[in-house]
Amino acid sequence: MKTLVITAHPNMSKSKVNKAWTNRLQQEENVTVHDLYSLYPTFEIDAEKEQQQLLEYDRIVFQFPFYWYSSPALLKQWQDSVLTYGFAYGSEGTRLHGKEFMLAISSGGPAEAYQAGGYNHYSISELTKPFQATANLCGMHFLPSFLLQGMMTLTEEKLQESADALAAYVTNSELRRKR
Ligand SMILES: Cc1cc2nc3c(=O)[nH]c(=O)nc-3n(C[C@H](O)[C@H](O)[C@H](O)COP(=O)(O)O)c2cc1C
């Protein structure tokens, strides 16, 4: 199983979590890390090249820091440019059908904030519905998201544990059968 991790962080050199995650994922043999802000700093995405690359992978991961309850802007731009009619959706847009899709998200707010009664009111699962709907329209199987939440209480040990857990998660080929 080949996994493509598409990551979007506007300031990866200052990142703690997403940098540690990508560094760890790069050690995995069947994982390719694709860093959008380093490839497309001017937001001019080579859609055709991106589409061709997607075809080579079984599992697609979007990895990003939660920004205003969604992804950083370049990842949205990537979706708008790459997931085109006739490629990703529409009667003949079946090229992504059957692939697996998942999110790996870091959030500043802690897990308990993301629930009814918490200060962010909504769960990550609710807030990421547009990604799930996108996966559905493209015929991809949406897998449970991988999360690291609460930057105030993050220790170096927790960060390394999370990076190892993410590497194990994205390379686990059994996720679909277990659901
Ligand atoms: C522009 C901006 C928007 C943010 N929006 C949110 C948000 O909506 N919810 C949240 O929990 N954290 C938010 N944060 C905090 C980031 O999610 C957090 O700093 C990041 O996930 C940490 O990962 P990193 O070390 O890779 O940067 C925001 C941060 C920035 C700079």
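Predicted model: local features only at pLDDT ≥ 70, side-chain atom pairs only at ≥ 80, totals over all residues.
**Ligand shell**

The shell residues split into eight nonpolar, seven polar and one charged. I count 16 residues around the ligand, and His9, Ser15, Phe66, Ser106 and Tyr114 are the closest of them.

**Polar atoms at the ligand**

Which side chains put a polar atom 2.7 Å from a ligand oxygen? I found His9, with a side-chain N or O atom 2.7 Å from an oxygen atom of the ligand. Asn18 is another, with a polar side-chain atom at 2.7 Å from a ligand oxygen. Phe66 gets there through its backbone: a backbone N or O atom of Phe66 sits 2.7 Å from an oxygen atom of the ligand. I also looked up the cover: the ligand on its own exposes 640 Å², and the protein buries 71% of that.

**Gln149**

Then I went to Gln149, which I found in strand E6 (residues 146–149). Its side chain makes a polar contact with the side chain of Ser107, at 3.2 Å. Skipping neighbours within four places in sequence, I get Ser107, Gly109, Pro110, Ala111, Tyr114 and Ile124 in contact with Gln149.

**H3 against H4**

Last, I looked at a helix pair. How do helix H3 and helix H4 pack? H3 (residues 47–55) and H4 (residues 73–82) pack at about 85°, with their axes 9 Å apart. That angle makes H3 roughly perpendicular to H4. From H3, I see Ala47, Glu50, Gln51 and Leu54 meeting Trp78, Ser81 and Val82 of H4. I sorted the residues of this contact by type and got four nonpolar, two polar and one charged.

Methods. Residues numbered from 1 in each chain as written. Heavy atoms only, no water. Axes fitted to C-alpha atoms, helices over the stretch in contact; angles between N-to-C directions. Helix = DSSP H or I, 4+ residues; strand = E, 2+ residues; numbered from the N terminus. Parallel < 35°, antiparallel > 145°, perpendicular 65-115°, else oblique. Contact = heavy atoms within 4.5 Å. Nonpolar A, V, L, I, M, F, W, Y, C, P; charged D, E, K, R; others polar. Near = heavy atom within 4 Å. Polar contact = N/O pair within 3.5 Å; in protein donor to acceptor, adjacent residues only side chain to side chain. Areas by Shrake-Rupley, 256 points an atom, 1.4 Å probe, with all protein chains shown as cover.
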